[in-house]
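Keep the 3D view open while you read.

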Amino acid sequence: MKIIKTRDYDHMSRQAANILSAQVILKPDSVLGLATGSSPIGIYQQLIRWKEKGDIDFSQVQTVNLDEYVGLSPDHPQSYAYFMRKNFFEEAGIRPEQTHIPSGLAKSGEEECHRYDELIHRLGGIDLQLLGLGLNGHIGFNEPEEAFEKGTHKVALTDSTIQANQRFFKSMDEVPRFAYTMGICDIMQARRIVLVASGSNKAEIVRKAFFGPVTPKVPASILQLHTDFTLVVDEEAGSLI
Ligand code: F6R
């Protein structure tokens, strides 16, 4: 595990964007595993700026996103498909056919999960997976459990995640209760993993996940076992390590 300590959110975003950028420069047809949420937005903004300057070209990449809410269409403003288009794909010049995300409207959850795992396999696996960290230690929507779930699966979101997501919805009732998420094995098979965490509310879980025991009760802790894992924290999130 490599740890990069940065000053603040902007500095963290630039450092992580540099790693993604190097990945795409060295392998223009990289398969990028991407995340939504507050943590990666600064990275996406930085990458868009470099794309506009002509320093990076995403025309050959393929992207696979970690997760999607069950029941939300790709046009719902809180769907992760919509988030990715508005925060990254459109301005980065990444065409819809290059992007992949579980379908929140799939009729059969089981078939959708199988399709998604097959797709990742067909693309040749993930070259670089970008992750955020949930307050309860989740990665993707792999919530604390008794055992690690391997492949893409449907998950009931925990109360802490539902509450954390509430800020994006008009009322608590509208917050989806289920999501599809890549499993721990999908994530761990990525050739390189970068996790970004910022803010004092992440400090305790950063310490637990990366300096505590490896346990499915803190799903991110498994990343300690990955051979090319980089943790990028700002000063606040890294204050206890
Ligand atoms: C998002 C995802 C989640 C988030 C995590 C942190 O696709 O899979 O695991 O990365 O909930 O969210 P933020 O960055 O909003 O603190």
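About how much space lies in the second largest pocket? The answer is about 270 Å³. Before going on, two notes on what you're looking at. This is a predicted model, where local features need pLDDT of at least 70 and side-chain atom pairs count only at pLDDT 80 or more, while totals for chains, interfaces and linings use all residues. Residues are numbered from 1 along each chain as its sequence is written, and side-chain values use heavy atoms, with hydrogens and water left out.

So what's a pocket here? On a 1 Å grid over the protein atoms alone, a pocket is an open set of points with protein on both sides within 12 Å along at least five of seven lines; a cavity is a set where a 1.4 Å probe fits but cannot get out, and lining residues have an atom within 4 Å of a point. Points are joined across faces, edges and corners, and a volume is the space filled by probe spheres set on them.

Back to the second largest pocket: 20 residues line it, and Ala 81, Arg 85, Phe 89, Thr 99 and Ile 101 lie nearest its centre. Helix H3 gives the most to this lining, with 5 residues. (Helices are DSSP runs of H or I with at least four residues, strands are runs of E with at least two, and both are numbered from the N terminus.)

Now move to the largest pocket, which holds about 740 Å³ of space. Its lining has 36 residues, with Thr 36, Gly 37, Ser 38, Asn 165 and Arg 167 nearest the centre. H3 is the top contributor here too, giving 5 residues. Strand S4 (67-69), helix H3 (80-92) and helix H5 (159-165) each supply at least two. Sorted by class, the lining has 16 nonpolar, 16 polar and 4 charged residues. (Ala, Val, Leu, Ile, Met, Phe, Trp, Tyr, Cys and Pro count as nonpolar, Asp, Glu, Lys and Arg as charged, and the others, Gly among them, as polar.)

Where does the ligand sit? You'll find it in the largest pocket, meaning that more than half of its atoms lie within 2 Å of the pocket's grid points. Zoom in on the ligand's oxygen atoms: a polar side-chain atom of Thr 36 lies 2.8 Å from one, and a side-chain N or O atom of Ser 39 is 2.5 Å from one. For Arg 167, the distance from a polar side-chain atom to a ligand oxygen is 3.4 Å. Taken alone, the ligand exposes 410 Å², and the protein buries 89% of that (Shrake-Rupley method, 1.4 Å probe).

Finally, a search of the whole structure turns up 1 cavity of 30 Å³ or more. The largest cavity has a volume of about 60 Å³, and its lining includes Phe 141, His 153 and Pro 219.

Definitions and conventions
Polar contact = N/O pair within 3.5 Å; in protein donor to acceptor, adjacent residues only side chain to side chain.
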